[in-house]
Structures are given as structure tokens and as C-alpha cells.
Amino acid sequence: MLRTPPDEALVAGRWRRGGGAPTRTLDPATGSPLATVHAVTPDEVAEAARAAAEAAADPRWRDLLPHLRARFLHRVATLIEEHAEHLAALQTADTGKALTETRALVASAAATFRYTAAALETAEDALTPSRGAYVTMSVHEPLGVVGAINPWNSPVASDAQKLAPALAAGNAVLLKPAEWTPLVSLALGRLITTALEEHRLPPALLSVLPGPGRVVGDAIVRDERVGKVVFTGGTSTGRALARAAADKLMPLSLELGGKSPTIVLPDADVEQALAGVMYGVFSSSGQSCIAGSRLFVARPLYDDFLGALVERVRKLRVGPGTHPDTQVAPLVHHKHRDSVAAYVDLARQEGARVLCGGAAPEGPEYDSGAYYLPTVLDGLPNDTRTCQEEIFGPVLVALPYDDEDDLVQQANDSVYGLACGIWTRDHRAAWRIARRIEAGTVWINTYKQFSISTPFGGMKDSGLGREKGRDGIRAYQRQKSLYWGTSTTPLPWAG
């Protein structure tokens, strides 16, 4: 069994209790306390950053050949697999997610480290075409210290998507988990610490720094030793981070919010589309940046499709993440449940029809948990707040459309551009609409499928930069050009 608190933070290679204020983490299914985690202080962030800079420059890490660094990443993947059940159970307890989902997220984290190790071992730099009496070469070098700030909805997978390429690129990392859900990040940190010890690498290559974003995250971003920040979370926070990064002329990557359209064309396989639409928005209890939370259905199909959808949504099984039959688990925190409920109240004020859901479930088994029923709304124009703002919960708003131009105009009428789903049998229409939609990822006759080999990111207010893919490592490096003179003729002004 992996340890959790009282050793609540990994600072500069040492496990210890943070010097800041305590926060109780709660089980969203019951409201019961899980653990108390003390935040780190800005001084401890500075200590971690100093040690990280030294670790990144340590010859044991700086000069480690890529295939040997890949071996270290493979070891991390193996340790994740060996402790998979504990990591999944810990994430379910901390986030409320269904155990089937957290098991998949843990497997994804291990696969991310393995893929990144393979990409690292096979990465190549290039001899660029010469335009003179010299040989030109392009090489990639680490940035030094990377700050990684992650959200509460899928911590172990989000952690891996940042840690694996940042370490593969030769950096040290300061990881800040979400204040509500730090436990699985701390457990993952212990596994990486074990792998660092086994490979006799500098222990300060990773720090795990819990605490509130306004304190810990701000200290990470502003530290002069941090050469890049990667962030997944809300758009307003992303803007604040971008302003701080601009002051430092520091690169950053942002994976932010979404209000993703999912589209049902007139010729869609209705059974497939119904299942896909429900999965796209109600899995993870809607707590997903890529949730298909705006449903656009061709007007001739609209009433029948919506009627069948509501009938099925009412039958979704709501319960604790530990129950094998649960389809919609509790939300991460009671405060977040209240935020989702407030959005549904706003929808009513804006004139929405609540076709199902719209409240917390009733019954003694739900009274103490952060539950909210899967909810379907319609009757609103696309320019209302309900249709435009990210709710981040099990709430779907449905809208009809008349033709392809009307569909594309409505789907793109959003500040967000993260994801989209299209349900159709017409491959030509799918291609045409997918290219017109402003989104970083488009799924066709599927939804929420991911591959670590395929880049992921958003457009517009949904973010900057991309994660995953072979180029994911390069995002944590800087490029340098080398010129090797080959001419025997002296340069001008020589002797």
C-alpha cells in the first residue's frame, strides 16, 4: 500500500508536511473526510525551484543518454501498473469518479510514460540543408525547470501527460495538483521518487506542491528559475497565467475550457448517436473539458431524437463511484455541485425547459454526497449564458438546426474551440463539417476516444499549444542551431 499523508508534499526531493494552511479532502460520495493536506508556502516553492534547477543541471541527468532516460520512464510505467488498483481506488475516493473510469485513467498514465519513452528513444535531430561552406545542424535542449499545474477532474492522467514529456525532454518539474484532489498526485510522486532512487538520479527532479492556485500556482509561475508553465484548467485562470508568463517572456501551454458541440445529422445511426451523445456529456458526470454539452440535431429529427434521449437519460444509474453499476457518479465537491445547480436555475430563468434531471437525486443514499441528476435542457437560443458558458457538470442543452450553414454558424458561435462530435453515415458531410468546425479535436461516429500518439489541444479561448504525440517532447525543449565551417578559405577580415 502506498502511503498518503502525513508526509504531504515533495519539496526539493524530500517528503515533508507543507508549511502552509491545512485543507481537508473529502469523499464526494459521502462527504466524509479522507485526509488533511497542508499547503506548501511560497518560500517552499522557491526552495523546490532552486533545487530543481540544480537537479536539471546535474551531469547525472543533463548528460544521461536518451535511451537511458527512456529506461527510467519505462520503470515509472511499470510502477504505475504494479500499483494500479491502489491508484484507481485513491482517485475514486478523492474525485468521486467511477472505479471503471479511474482504472482506465491509471492505465492511460502508464501508457503515456511508455509511449513517451519510445518516442524519446527514437527521436532524431536533423542536419539542415547547407547554403554555404558549412554544415548546419538543429538540436533540441531542455528548458530547465517546468511548472505543471493540473485540475481536479482527471489528475493521474493529466499528471502523466505533463510529467512524462517534460522529464523525457531533460527537465525538472514542479507539479501542483488541484487543491481538492491532491492524493493521487502525491501517490504518483512517490512512485517517481522510487524510480529516481533506483536509477540514482537527482531526487529534486520532481517536486509535488499542494496548495491553492492563488498562492502555490502563482509562486511557481513567477519564479525566475521556471522556464515554462503548462496548465490545464479554467479559462480565466489561464488568462492570468498568460499575463504572468508575458511579463517573463516565458513560453506556456494552456488547455482550457470548452462548450463542445455534438452534432446529429439527418442520416445518423440513431441508436449509435443516442449512446454516443449520452456518453459524451454524462460520463465523468460531465466534469470534462471536452464534454459534448451542446447538442445540435437536424430539425426534422429533433423531436423524436430528443424524446428518445430523455427517456434513456432518466434511466442512467446514479451512485457512488465504487459501485460497479454506477454510470453517473457524484461531482467532485459539494461546492461544485452547488455551482452546477445554480447554472440550471439560471437556465430556468432564461426560459429553458428542463426535460429531465434539474435537481439532486432524492433518497438517504444521496443525502450526504455531491450528487446531481443528469439533466437535459432545451428551448433556449444559442446566445444565452446557458448555451455559451461552461457548466462542467451533467447538463446537456439541445438546439435544432435547419441546414449545414446554420449548423456551422451556431456551433462556431462560441468563445471555445476544444472538441466536437459528428454523427452521420455520410463520410463526405463528415469531412466537410469537421473541417469547418473551429475545434482542436473532432470525433466522427465516436466520442471521448483518446490516443497518446495524437496531439490534443484547443482553439480560441480553449487554449494554446498541444499535448501528446511525438512532438510532445519537443514542446518542453528549445531549439538550437549549430554551424560547422568546412571551407579552407579564410573568412573576410582574417589576418
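The model is predicted, with local features needing pLDDT of at least 70, side-chain atom pairs counting only at pLDDT 80 or more, and totals for chains, interfaces and linings using all residues. Residues are numbered from 1 along each chain as its sequence is written, and side-chain values use heavy atoms, without hydrogens and water.

**Exercise 1.** Describe how α3 packs on α7.

Solution. 
- Locate the helices: α3 spans residues 66-82 and α7 spans residues 183-198. Helices are DSSP runs (H or I, at least four residues), numbered from the N terminus.
- Take the geometry: the axes come within 9 Å and cross at roughly 135 degrees. Axes are lines fitted to C-alpha atoms over the stretch in contact, and angles run from 0 to 180 degrees between N-to-C directions.
- Classify: α3 is therefore oblique to α7. Oblique is what remains after under 35 degrees (roughly parallel), over 145 (roughly antiparallel) and 65 to 115 (roughly perpendicular).
- List the contact (heavy atoms within 4.5 Å): α3 gives F72, R75, V76, L79 and I80. α7 gives L188, L191, I192, T194, A195, L196 and E198.
- Sort by class: nine nonpolar, one polar and two charged. Nonpolar means Ala, Val, Leu, Ile, Met, Phe, Trp, Tyr, Cys and Pro; charged means Asp, Glu, Lys and Arg; the others, Gly among them, are polar.

**Exercise 2.** Describe how α14 packs on α15.

Solution. 
- Locate: α14 covers residues 404-412, and α15 covers residues 427-436.
- Geometry: the angle is about 35 degrees, with the axes 10 Å apart.
- Contact: E404, D405, L407, V408 and N412 of α14 meet R432, I433 and R436 of α15.
- Classes: three nonpolar, one polar and four charged.

Key. Helix = DSSP H or I, 4+ residues; strand = E, 2+ residues; numbered from the N terminus.
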